[in-house]
Amino acid sequence: MRALTWQGRENVSVETVPDPTIVEATDAVIRVTSTAICGSDLHLYSVLGAFIDPGDILGHEPMGIVEAVGPEVTHIAPGDRVVVPFNVSCGRCWMCTRGLQSQCETTQVRSQDKGAALLGYTKLYGQVAGGQAEYLRVPQAHYGPIKVPDDGAPDEKYLYLSDVVPTAWQAVEYAQVPVGGSVTVLGLGPIGQMSARIARHRGAGQVIGVDLVPERLAMARRHGIDVIDLREVDSVPEAVKALTHGRGTDSVIDAVGMEAHGSPVGKAAQIGAGMLPDALARPMIEKAGIDRLAALHTAISTVRRGGTVSISGVYGGAIDPMPLMEMFDKQVTLRMGQANVHRWTDQLLPLVSDDTDPLGVLDLRTHRVALEDAPAAYSTFQKKEDGCIKVVLDPTLPVTAAREATQTAEAHDAPAGRHA
């Protein structure tokens with residue numbers, strides 16, 4: 001089969017690799033029909049290469065058609081249309097039964113002192129082959145895959161149940177936004193866009209989105225979000241206070257993470273670590289790594305006194321400096337963590353299935369391209385070129401057809417269909 005593989009820092013390529021097979025009784029194999037590029041994939045693309053081997057298959061946002069199942073997999077069958085959560089979790093252990101699937105005790109990567117294994121996400125999280133490929137072996141498939149309607153609707157209607165929608169839902173849940181209250185969302189990439197929409201859907205009275213990319217700001221405005229353009233203000237906290245009677249918002253969601261703009265020291269450290277041989281880079285990142293913390297520090301300064309900061313953006317630093325005096329003085333509550341996808345599925349599947357599209361899932365993807373075009377898509381996404389907000393890879397699509405489908409969608413201001 002063909003699969004997108006990591007080959008080095010900012011170097012990925014589509015290669016021919018062995019087809020996946022059933023290895024464990026709890027496995028399934030799916031034929032991938034759509035698989036998205038996540039902002040977290042860009043961390044692997046640029047920052048965390050010390051924990052990846054050349055040839056590793058990336059991707060953790062797949063969906064497709066079941067091809068085969070192991071004998072212990074009974075809730076899905078060949079021919080079913082499924083979306084696959086990025087957590088590899090068993091559904092049976094102490095953590096899973098308490099809604100903490102991202103901490104699954106069956107798949108915890110204890111050798112790295114990390115939580116549950118993740119699809120396509122480095123040695124730190126189990127080095128499980130990812131879903132940016134024609135086929136995917138799904139471990140713990142007796143629990144993981146979510147069966148969705150085979151209703152002819154575009155894959156994008158259900159695809160984001162793999163990561164984006166539950167991650168954003170958890171971000172809003174953790175933010176504890178009061179009904180009628182206010183929330184600032186820092187970063188209007190896919191998670192930030194969906195967090196802002198979900199906050200509105202769940203009853204927030206004022207939702208403020210912050211970014212500097214014109215296309216991201218325009219998309220947020222389309223969904224009724226008030227926006228602050230970073231290029232036009234000197235201080236986000238002061239700009240937010242001006243909109244909230246001088247207090248700041250009840251909650252702030254950091255949807256940016258470790259690669260925030262405006263963090264020159266952290267950026268230099270990340271680039272420096274990326275230039276080292278893996279044997280030197282790994283202990284440096286694990287023991288002395290620092291992140292670009294501009295977004296997180298902005299979140300802490302922006303939230304009102306007694307408010308809550310929710311972190312959905314990924315951080316990987318070991319010695320990140322935190323403004324504890326400010327946090328203590330303001331009585332800030334901080335919540336964070338990988339999304340527990342299955343914890344939220346029962347609430348989310350009806351919402352994404354609704355023909356009125358209350359969360360706007362069909363207005364998120366900006367590019368749908370062939371799997372073979374993935375290397376160029378990674379570069380475009382990283383550089384935020386061509387209005388790129390969300391990329392979906394289609395392993396069934398010829399290269400030229402993919403480009404034509406994207407152009408047609410842009411011309412009609414509508415997403416391409418399931419079989420574009």
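This is a predicted model: local features need pLDDT of at least 70, side-chain atom pairs count only at pLDDT 80 or more; totals for chains, interfaces and linings use all residues.
**Overall architecture and confidence**

The protein chain contains 13 helices and 15 strands. Of its 420 residues, 57% are buried. Among contacts in the protein chain with a separation of 6 or more, 74% join residues 24 or more positions apart.

The average pLDDT of the protein chain is 89, and 85% of the residues reach at least 70.

**An aromatic pair**

The structure holds two aromatic pairs. One of them is formed by tyrosine 45 and tyrosine 378, whose ring centres are 5.3 Å apart; the planes meet at 40°, so the pair is classed as tilted. Tyrosine 45 belongs to helix α1 (residues 39-46) and tyrosine 378 to helix α12 (residues 374-383), so this pair ties together parts that are 333 residues apart in sequence. Tyrosine 45 counts as buried because its relative accessibility is 6%, under the cut-off of 20%. Tyrosine 378 is also buried, at 0%.

**Arginine 335**

Strand β13 (residues 333-336) includes arginine 335. With a relative accessibility of 33%, this arginine counts as partly exposed, since that class lies between 20% and 50%. Apart from neighbours within four places in sequence, arginine 335 contacts Tyr174, Val309, Ser310 and Ile311.

| Residue | Relative accessibility | Class |
|---|---|---|
| Tyrosine 45 | 6% | buried |
| Tyrosine 378 | 0% | buried |
| Arginine 335 | 33% | partly exposed |

**The largest cavity**

The structure has one cavity of 30 Å³ or more. About 50 Å³ of space is found in the largest cavity. The lining of the largest cavity consists of Val84, Pro85, Asn87, Val88, Ser89, Leu119, Val138, Pro139, Gln140 and Gly144. Six of the lining residues are nonpolar and four are polar, while none is charged.

Note on methods: Residues are numbered from 1 along each chain as its sequence is written. Side-chain values use heavy atoms; hydrogens and water are left out. On a 1 Å grid over the protein atoms alone, a cavity is a set of points where a 1.4 Å probe fits but cannot get out, and a pocket is an open set with protein on both sides within 12 Å along at least five of seven lines; lining residues have an atom within 4 Å of a point. Grid points are joined across faces, edges and corners, and a volume is the space filled by probe spheres set on the points. Ala, Val, Leu, Ile, Met, Phe, Trp, Tyr, Cys and Pro count as nonpolar, Asp, Glu, Lys and Arg as charged, and the others, Gly among them, as polar. pLDDT is the predictor's confidence in each residue, from 0 to 100. Rings of Phe, Tyr and Trp (its six-membered ring) pair if their centres lie within 6.5 Å; planes under 30 degrees apart count as stacked, over 60 as edge-to-face and the rest as tilted. Helices (H or I, at least four residues) and strands (E, at least two) are DSSP runs, numbered from the N terminus. Buried means under 20% relative accessible area, exposed over 50%, partly exposed in between (1.4 Å probe, protein chains only). Contact means heavy atoms within 4.5 Å.
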